[in-house]
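Here is a short report for a first look. Read it alongside the sequence and the model.

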Amino acid sequence: MARPAVVQPLRYNLAAVRFNSTKPEGEAKEEPKEEPKEEEPKKEEPQEDPIVAELKQKLEKKDKDLADMKNHYARAVADFRNLQETTKKEMQKSKDFALQKFAKDLLESIDNFELALNSVKEETLTASEEVKNLYDGVSMTRNVFQKTLEKHGIEKMDPMGEAFDPNHHEATFEIPQPDKEPGTIFHVQQPGYTLNSRVLRPAKVGLLQQALLEHHFPLTREENKGIKRESKKVPIDEKGNFINEVSFEVVNDESYTTKHVVFVHGYGASLGCFARNFHVVNKFRGLKNNYKVHFLDNITFALSSNPPMKSIDYSAPIPQVKHIKMTDTRATVPKDLYKKYYKLIDSYKFDVEEFKKSRDELAPVLKDMEDYYTQALDGWRKGTGIEKIDFLVGHSFGGHWCGSYSVRNPDRVDRVVLLSPVGVERTAFGVTTPIPEQEENLPSLDPTSYHFLSRWPILSQETVYKWYHVQPKLPRLLKFMGPWGVAKYYDMWYSKLFAINKVIKKLGGASVFKSENELVYGSNTECRLLIEYLYNSITTGTKSDTHVKYLLTPATTSRWPLYDKFMSSNKEDLSKFKLHIAYGQYDFMNSEAGEKLVKELNETFGVNNAKYHTVPEGGHNLYIQNPFGTNELLEDIVTEAEAQ
């Protein structure tokens, strides 16, 4: 039997295949034909016991659960150890910085020690043994106080000459110094402190106020030589509050009496806003008296103290006007308005109960507010050692309080100059408004009438809402608006400051300049410097952001009008000082009210002590918009006083 050919990888069942051959040997053999294969039967897999399969699944699940539990346990142990470390660190931090709030409050006491020591002149120490002993006592107390703070980890930072570090220093201005590298600290306004190496209060390492002084009134300029210039903080009470001031003094003769001219700015401003008026002191050269001109940061503003009023809850809503309901059936046509802002409507209803409620709530607060601002000014006067303010100059919000001060303290002022004072006019909204006999009333356009509604008829609901709910917070929020906020503020002020160039042209161009100090007006450098100063001044969080909303309505009228304050005085007191009220030619304040107040004071009391003035090409901020006219007016008032 021939050996069969095998083809791989097929498998054969040899038992099922048979081969036969009939050919002789030697002949070629034919390949045997494969017979059809039978498929190999499949082996059946043994079936697993269902119980075993179930047990295997459970075992696998248990193994997985165990692995997860081990993982969770490891994580829990790690988290617990981290918690232990974190708790330990937090406990140490709590221990290290438990004094932080208390320590920060104590820094003002240290500052006041420094103010007290710095306010004493060297010649005073040498002239008076008692003052010298007192000075040494205060100095020793300051040193003991500071050593006690150091014992508890509170250390003073003195960054003079160091490179500016935003983590430790607060920059308020930057000006080039030829002998120093850029970013080098050359002036420390307020020292900083650390508590266990953490910054408790950053050091203020510059002063825009100083930059304005150097820019507008450099002592090296020929016409400014001989003028004494001083910056200081004057204590005004026993609570440690103070008023920041810059003063300029011209001594015409050592034997002459020194007269004092005092400037108080308005809301949203500070003493640097008077930068274009600094050199008014030069106009007093050669007169029969010596003159010291003081520019003040009013209480709560810029570098002065910012104490709260006890009668105001600063977190509570500001009381709104609710007792007046107006009826107006006519459309508002701008060209038909009286003096651009005043519309005569059909009538208004006076809700007596709402008025009484509002008056009883607000009147005591306004009385406290008058005490607050006028006592601060009088505290400054006493702290400076001035018997009488010879010329008290107040603008807008500051003008309101200067007018109030003169009525309250007629023996302490000689002449009062109110530049576009806010809140002169009477209205139906004041706490001094008499209750009308009838509910329905006809309005008046006369700003001396209690039926005067001022701008209320043209105000939108949105304007009123923003006045009470948005504007009190806006200045403090401005610094959190980043570059956008700065840009918006810059755009708002730049056009106002730069507009003086148009005024210069209208007033005669180059011929208007009488001083080299005036040549900086309206330059890009001056405008940028003033805006930077103003921005840093208003974003400090002054309490006056709230006070002004209590005093004024959304129509910028006072709830306690100056008109009533002056007219409730008497001839004896009003004869003790002379009153000057001035407005800009394009002023949006109610100049008619000021003009009528002057006329009525003179006619009613027969003292002829009040005068009305208009500064050409000026608006509400007349001292900025036309400093030439404003300074000339002040010069005229001073020289007139000299002649009497």
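D68 is partly exposed, with a relative accessible area of 33% (buried means under 20%, exposed over 50%, partly exposed in between; 1.4 Å probe, protein chains only). K64 and D68 are about one helical turn apart, because they sit four residues apart in helix 1 (residues 50-97). Helices (H or I, at least four residues) and strands (E, at least two) are DSSP runs, numbered from the N terminus.

## About the model

This is a predicted model, where local features need pLDDT of at least 70 and side-chain atom pairs pLDDT 80 or more, while totals for chains, interfaces and linings use all residues. Residues are numbered from 1 along each chain as its sequence is written, and side-chain values use heavy atoms, without hydrogens and water.

## Other salt bridges

The structure holds 32 salt bridges. R276 and E526 form one of them, at 2.8 Å between the closest N and O atoms. This pair links distant parts of the chain, 250 residues apart. R276 is buried at 2%, and E526 is buried at 0%.

R381 and D378 also meet in a salt bridge, 2.7 Å from N to O. Both lie in helix 6.

Note on methods
Salt bridge = Lys/Arg side-chain N within 4 Å of Asp/Glu carboxyl O.
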